[in-house]
Amino acid sequence: MQAEAAPARVKQGAEVIRRFWTTLPASPGVYRMIDAAGEVLYVGKARNLKNRVGSYARNQGHGNRIARMIAETTAMEFVTTATETEALLLEANLIKQLKPRYNVLLRDDKSLPYILVTRDGKASQLTKHRGARNRKGDFFGPFASVWAVNRTLTALQRAFLLRTCSDSYFENRSRPCLLYQIKRCAGPCTGEVGAAEYEAMADEARAFLMGKSSAVKERLAADMQAAAEDLEFERAARYRDRLAALSAIQSTQGVNTQTVEEADVFAIDEQAGAFCIEVFFFRNWQNWGNRAYFPKADRSVPVDEVLAAFIVQFYADKPAPRLVLLSHTIEEPDLVADALSSRVEHRVEVVTPKRGERRQVVEGALRNAREALGRRLADTASQQKLLASVGQALGLEQAPRRIEVYDNSHIMGTNAVGAMIVAGANGFMKQHYRLFNMGAEELKPGDDYGMMREMLRRRFARLAKEQPRAAVPAGSEDDISQDGASPDTLPRAAALPSAPGEAFVDPDAFPAWPDLVLIDGGKGQLEAARQALDEVGITGVPLIGIAKGRDRDAGRETFFTPDRPPFKLPPRDPALYFIQRLRDEAHRFAIGAHRAKRKKEMIKNPLDEIPGIGPTRKRALLHHFGTVKAISRAALEDLMRTPGVNAATAKAVYDHFHEG
């Protein structure tokens, strides 16, 4: 149950809004409602700012959510725009940036992968791409996952023999690489194929990705037949293999369509106050995958409003296709279409189909949304039961909402890293994971206790500074600080502010402070963790060390706490299995980070250590001398004659390799 707004506080907030309303223009714009702590509560757009804000100033007819928002408002900010379309786009950008508590928030905001076939003057490269389209070439996508992109890239390599290597690798080859030997590249780096013939294959790949698969396959079939008639059976076999690869791509695209050439499909489902939006991507009559999103929104917000807010935020950093299909009719679809069209070079149509194949596609997406949300709710319920069993097994007063697990990894003290993983009712919260580089001079190599103490001291000192445990504004799962923490929400029941300056506490928000800290290690690591918390003055955080059993067997773990004797859990206890999963995840995360750091150290180029040497000058030096060893032996005069390297840079390189 959500707490109702106190009438006196609502009236006070309405008076604040009314003072701003008196000077507002009757023009389009964006408004921000701000609480006493300076946090933005809500961002909204308006066709007429005076009319829209005036609706909040009337102290009547508001639902509970709006009343609570008004009650917390102590200030407002405004930006006027030329059109309502500009206001809608600005609203989406501000929501993504500020993540206000009362707006619909897009939680999973990772960029979607594309396939890129370059056009930068070199042999065309086939690669996956994320982010801004700042490279010359043709982009195809988006794909729902990296897995789908990698699978398609592998098949495209076999079909069109395009290079996937980086430009620096391509430019420094003296003989073909392994991909040429296994017939997944034509070898343009060493001239195994002519430039014109290679670019013809690149054009075939572009045509295929643009949906002209029949024409490409017919041309390859004709070439295969001609090669066979000329008794060039080896060349005919290559065409046969390319045809087989093209068929493999088409067979793994999923359910394709006859009438939907290019569209994104959005279907929303709501259950138990939670929302799921399933997005399908169709390009060139092919299904390029789907992804489920779980936006954060108050349960009182209608599904069509959640869907409309989600769409504008979704396309804030990516281009929209020509057609957007929706499961529900949204308010002002033409305005949304105008906003999406303003960012691309074509007209975007936003439609809620009622019949035909388009409606069948939407219903399929809606069915997937229902199933995805059902699985998520079931997983959450199961996870909550596990958290309750952990709290009971470890003697906690209540089930933990946030569990943090700490581990470190190194080899004889080198490339040491510390790792923190976080788990809650929604499983592993990977957006809250953190790594700690253990390069402190005061740490002895291989000092596990010192690393644990340093890691927890840094974590909790920063947490106490940025997110004090008392009287802080409530946050959300998406309100991530530099430390990865959300605003703390220690109270378990919703509470409305009773006086100006007192923060509202959201009972559904993910807490910043852990209810349980698990240490991978025994008594020594636990004592190091306790000392770290004592140093920064932190109390009341349960600490438990997990020591592996004899012969490191799972199921024989011993648990250590500061205030009770060591104990074990029953071998078949579900809480024990859950804790083992948490520890193994922390171990995996720490080991992976250590290996990545060690690999980076092994392949580090000495030129990277020289100030002023960027990728361009490094490439110029390597092209001129061939190896770093030759650069280190070069005379200053030879370095100065390197194209693209000035005298100051040559002197810096020479001094670096000839210290003293």
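I started with one aromatic cluster, formed by F266, Y293, F310, F314 and Y315. For the cut-offs, I paired rings of Phe, Tyr and Trp (its six-membered ring) if their centres lie within 6.5 Å, with planes under 30 degrees apart counted as stacked, over 60 as edge-to-face and the rest as tilted.

A note on the source: this is a predicted model, so I kept local features to pLDDT of at least 70 and side-chain atom pairs to pLDDT 80 or more, while totals for chains, interfaces and linings use all residues. Residues are numbered from 1 along each chain as its sequence is written, and side-chain values use heavy atoms, with hydrogens and water left out.

**Ring pairs**

My search of the whole structure gave 14 aromatic pairs. One of them is Y31 with Y42, a tilted pair at 6.2 Å centre to centre and 40° between the planes. Y31 sits in strand β1 (residues 29–34) and Y42 in strand β2 (residues 40–46), so this pair ties together parts 11 residues apart in sequence. I took helices (H or I, at least four residues) and strands (E, at least two) as DSSP runs, numbered from the N terminus. Both Y31 and Y42 are buried, meaning under 20% relative accessible area, with exposed over 50% and partly exposed in between (1.4 Å probe, protein chains only).

Next I checked F310 and F314: their ring centres are 5.7 Å apart and their planes at 25°, so I logged the pair as stacked. The two are 4 residues apart in helix α11 (residues 303–314), about one helical turn. F310 and F314 are both buried.

**Charges over rings**

I counted a charge over a ring if NZ of Lys or CZ of Arg is within 6 Å of the ring centre and within 35 degrees of the ring normal. K50 lies over the face of W21, 4.6 Å from the ring centre. R163 has its charged end over the ring of F170, at 4.3 Å from the centre.

**Cores**

Which residues touch the most other members of the largest nonpolar core? Among its 36 residues, they are F266, F314 and L340. A core here is a set of buried Ala, Val, Leu, Ile, Met, Phe, Trp, Tyr and Cys residues joined through side-chain atoms within 4.5 Å. Helix α11 gives this core its largest share, 7 residues. I also noted a second, separate core of 29 residues, including I115, V149, V216 and L220.
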